[in-house]
Amino acid sequence: MKTLIPGEFPTTRMRRNRLHDWTRRIVAENDLTSNDFILPIFVGQGKRQSDPIPSMPGVNRISVDLLDNVVGEAQDAGIPAIVIFPEIDPGKKTPDAREALNPDNLVCQSIRKVAKSYPEMGIICDAALDPFNSDGHDGLLEDNHILNDETVDLLCKQSLIQAEAGCHIIAPSDMMDGRVGAIRNALDMNDFKNVGILSYAAKYASAFYGPFRDAIGSKDALKGDKKTYQINPANIDETIRQVAQDIEEGADMVMVKPGMPYLDVISRVKLEFGLPTLAYQVSGEYAMLKGAIQNGWLDNDKTIIESLLSFKRAGADAILTYMAIEASKLLKKHGGIML
Ligand code: PBG
């Protein structure tokens, strides 16, 4: 055997800790459990409807009567919360988005249904007008301009009817200025002090929302783009200022969206503020991964777990993901992370 000359070869061999399954388990820095997942659900009109969304293989849009099945499955899988997104009947979409204020709209019906059947399940709903707006925008459009303050008034009313129906957390995803403070105030003034706010503070003007817009039927409706309210993908200092402002206005949790192309943002937000920081693995990320998996180019189980683990490593406390049920089942089957 060759004698090693001190200093000529590293005395530290990084591979020692990687040698055995048990060493790898001992030195693992991050973990993933079903507690980390929040499941977004698309709800549509009709009865006994379960329509596949072509750009999101494996995800269906369901009618309210079928919610119990999916939410029951999520609860059994150990998932703490769901998010409800509606596909509104195109005939009910108007330029003033008035269906958003109907206490019996699809979102409120869904909230009441889940709250009744699964009182332990966390219910989160967007505050934004895009599912209800015939222009496909998150705010009111006038002369090609999104009206800020008028939209915030509507968002407050929308938040109140959702809270009234039993929603636990309002998630403003509209990116209007001042909406977090205004919604906090509206909730407090109306006896909803315990209804929380999850702000989509770091929400980028991203191409990765395409399949979501298919799912809620807002893609063809969308006039122009959302660049005058969502953040430029080139920026991060601006995002930090936005997050700081939303926290100042009363956000209990903040969200970074999309997820995987913005891991640097998750990391910086978490380090800077130490607030519960959620990541949204959005529809386009889901489509991208599942598309490659369906082609046999990526391994399903390992890719799902690795993609979700990356959010934890970046510092996220929880992940909104369309893979929530599948990932929880995988973790259960393998007794934890199996990478
Ligand atoms: C609406 C909203 C969007 C998403 C969540 N809430 C789309 C958008 O801003 O255009 C996207 C989620 C996804 O792509 O999975 N304000």
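## Helix 10 and its surroundings

In this predicted model, the buried residues of helix 10 pack against quite a list of partners: strand 1 (37–44), helix 8 (263–273), strand 11 (277–281), helix 9 (283–294), strand 12 (318–321) and helix 11. Helix 10 itself is mostly covered, with eleven of its 15 residues buried. Among them are Ile 304, Ile 305, Leu 308, Leu 309 and Phe 311, but also Asn 300, Ser 307 and Lys 312.

How far apart are the end C-alpha atoms of helix 10? They sit 22 Å apart, and since 15 residues (300–314) at 1.5 Å a residue should span 21 Å, the two values agree.

## The nonpolar core

The largest nonpolar core has 109 residues, and Phe 37, Phe 42 and Tyr 280 touch the most other members. Helix 4 (residues 148–165) supplies the largest share of this core, seven residues. As a general point, nonpolar side chains in soluble globular proteins tend to be buried together.

Take Phe 42 as a worked case. Setting aside neighbours within four places in sequence, Phe 42 is in contact with residues including Ile 53, Met 56, Val 59, Ile 62, Phe 85, Phe 212 and Tyr 322. Asn 60 and Arg 61 are also on the contact list of Phe 42.

## Helix 2 against helix 11

Helix 11 (residues 324–334) also packs with helix 2 (residues 67–76), at an angle of about 35° and with the axes 9 Å apart. Their crossing is left-handed.

On the helix 2 side, the contact uses Val 70, Glu 73, Ala 74 and Asp 76; helix 11 brings Ile 325, Lys 329 and Lys 332. By class, that makes three nonpolar, no polar and four charged residues.

Conventions: Residues are numbered from 1 along each chain as its sequence is written. This is a predicted model: local features need pLDDT of at least 70, side-chain atom pairs count only at pLDDT 80 or more; totals for chains, interfaces and linings use all residues. Side-chain values use heavy atoms; hydrogens and water are left out. Axes are lines fitted to C-alpha atoms, for helices over the stretch in contact, and angles run from 0 to 180 degrees between N-to-C directions. Helices (H or I, at least four residues) and strands (E, at least two) are DSSP runs, numbered from the N terminus. A crossing is left-handed if the near helix is turned anticlockwise from the far one by less than a right angle, and right-handed if clockwise. Contact means heavy atoms within 4.5 Å. Ala, Val, Leu, Ile, Met, Phe, Trp, Tyr, Cys and Pro count as nonpolar, Asp, Glu, Lys and Arg as charged, and the others, Gly among them, as polar. A nonpolar core is a set of buried Ala, Val, Leu, Ile, Met, Phe, Trp, Tyr and Cys residues joined through side-chain atoms within 4.5 Å. Buried means under 20% relative accessible area, exposed over 50%, partly exposed in between (1.4 Å probe, protein chains only). The expected span of a helix is 1.5 Å times one less than its number of residues.
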